[in-house]
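Please consult the sequence and the structure shown below. The briefing that follows is arranged by topic.

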Amino acid sequence: MALVKAVSQPFKIELIEAIPVMGTTPLKCRACEQTNSVSVLLRYENMPATAQGFPTAETMHHDKGKSLEVLQCPSCGLVQLSNAPVSYYREVIRAAAFSPEMGKFRLGQFKQWASQYHLAGKKVLEIGCGKGEYLTLLQAAGLSAYGIEHAKDSVTICQGNGLKVEQAYLGDEASQAFDGVEFDGFVCLNFMEHWPYPRQSLQALLPKLKQQAIGLIEVPNFDMIIQKGLFSEFIADHLLYFTEQSLRVLLENNGFEVLECQPVWHDYILSAVVRKRAVTDLTFFSNYRENISQRLHNYLDRFADSGVAVWGAGHQSLAVISLADIGHRIAYVVDSAPFKQGKFTPASHLPILSPQQLLTQPVAAIIVMAASYSDEVARTIRAQYSHIQHVAILRDNGLEEV
């Protein structure tokens, strides 16, 4: 029997006792979907085919053990099984519901979560709600709880108890569940480790969430499993084995910020609070563009009859010339890089000349657009091209005459 243990480098697992593993096997990672050739970390023979498939005396002769292969993605670090998922992977089965101790823990956890992230009275979706065991606690914690569950019998029980539950599984028919409802938060408790395609499921969740919605995601704690050598924790039902690091990678690569992540429930569970990543708002850039453009045109108006040059053929300068539409008002562009000289600016097609051309083709004013080198360039102009009386530097907030 082989055990695994953590080593100093992240995402590394080493064998304590040798097992008969031959060569490598292809792996398309369930999380990041990269394909690599990897070594098998563990192979267990004659394992239970499922955690819920209990044969009877009549069916026992049909029951056969199966082998499990444990692999690790070298790209994102996730430890996973190569095996096909069990037939009921879409369903949440809480065999004994929850113990009094777990019920007390969950209620306190939900209350704290709702209070800390201002979710009282807000709509929260439980992904994989089973028979509604935790939905009732979410409601008791002051949340407006909804649930999706794939098992039809469980959905019927939930609905019979007055719970807002629809039959669905993230990644297939879930797109129709609670159409028109946007959720302020969600919970997914010890279910994601069953998902064969976690990226697909997380991507299906995002459209159901309001911007910056808060989630609570929990999975078995593989850091603890490694630390304690719990070799018996591998089972066909659990396809994914998350360390804190590999859990963060999956969530952050699929639209979420991880606000906190810590072990809970006697360290058996990794509990992550996440927030739907906000779309970066760049609409204000148009205001900056309009402001800079207007200031440049006002400056150019002063020298309409005597000529203006731009110093700098870097990417910012090239963009400003085009975006401010000043190319037709500029005599030429100066740049000290020889490989640019004698060529033309892209899109605006202004000639790029050496600084010496300021002596032979004089202009009345020059606008310095050299980013972090602008002050140095302005000093050079004052020292070597003193006949140019008007020098302005393009700053973040407009033109500064120097």
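**Briefing on the predicted model**

In strand β17, Val334 is the residue that stands opposite Trp311. From β16 the chain passes through helix α8 (residues 315–323) to β17, a β-α-β crossover that is right-handed. A crossover is called right-handed if, with the strands pointing away from the viewer, the path from the first strand over the helix to the second runs clockwise. Helices (H or I, at least four residues) and strands (E, at least two) are DSSP runs, numbered from the N terminus; two strands pair if DSSP finds at least two bridges between them.

The structure is a predicted model, in which local features need pLDDT of at least 70 and side-chain atom pairs count only at pLDDT 80 or more, while totals for chains, interfaces and linings use all residues. Residues are numbered from 1 along each chain as its sequence is written, and side-chain values use heavy atoms, with hydrogens and water left out.

**Overall form**

- The chain contains 10 helices and 21 strands.
- Its radius of gyration (taken over C-alpha atoms) is 31 Å, well over the 21 Å that the globule rule gives for 402 residues, so the chain is more spread out than a compact globule. The globule rule is 2.2 Å times the number of residues to the power 0.38.
- Along the principal axes, the C-alpha atoms fill a box of roughly 100 × 55 × 35 Å.
- Of the 402 residues, 46% are buried, that is, under 20% relative accessible area with a 1.4 Å probe, protein chains only.
- Among contacts (heavy atoms within 4.5 Å) with a separation of 6 or more, 63% are between residues 24 or more positions apart.
- The accessible surface comes to about 20200 Å², and 52% of it belongs to carbon and sulfur atoms; the areas come from the Shrake-Rupley method with a 1.4 Å probe.

- β16 pairs in the parallel sense with strand β17 (residues 333–334) over 2 bridges.
- β16 also runs parallel to β19, to which 4 bridges join it; here Val308 has Ala365 as its bridge partner.
- Strand β19 (residues 365–368) pairs with strand β20 (residues 390–395) in the parallel sense over 4 bridges, and Val391 in β20 is the bridge partner of Ile366.
- Together with helix α10 (residues 374–384), β19 and β20 make a right-handed β-α-β unit.
- β20 pairs in the antiparallel sense with strand β21 (residues 398–401) over 4 bridges, and a hairpin joins the two strands through 2 residues. Glu401 in β21 is the bridge partner of Ala392.

**The open sheet β5-β6-β7-β13**

- In this open sheet, 4 strands follow the order β5-β6-β7-β13 with antiparallel pairing.
- β5 (42–47) and β13 (240–241) stand at the edges, each with a single partner strand, so one side of each is left without a neighbour in the sheet.
- The antiparallel strands β5 and β6 (residues 66–72) are joined by 4 bridges; Lys66 in β6 is the bridge partner of Met47.

**Helix α4**

- Pro198, Ser201, Leu202 and Leu205 are the buried residues of helix α4 (residues 198–205).
- These residues cover an arc of only 95° around the axis, which puts them on the same side of α4; the arc is that of the directions from the helix axis to the C-beta atoms.
- Their cover includes β8 (123–127), β11 (183–189), β12 (209–220), β13, α6 (244–252) and β14 (256–264).

How values were computed: Buried < 20%, exposed > 50% of the residue type's maximum accessible area, 1.4 Å probe, protein only.
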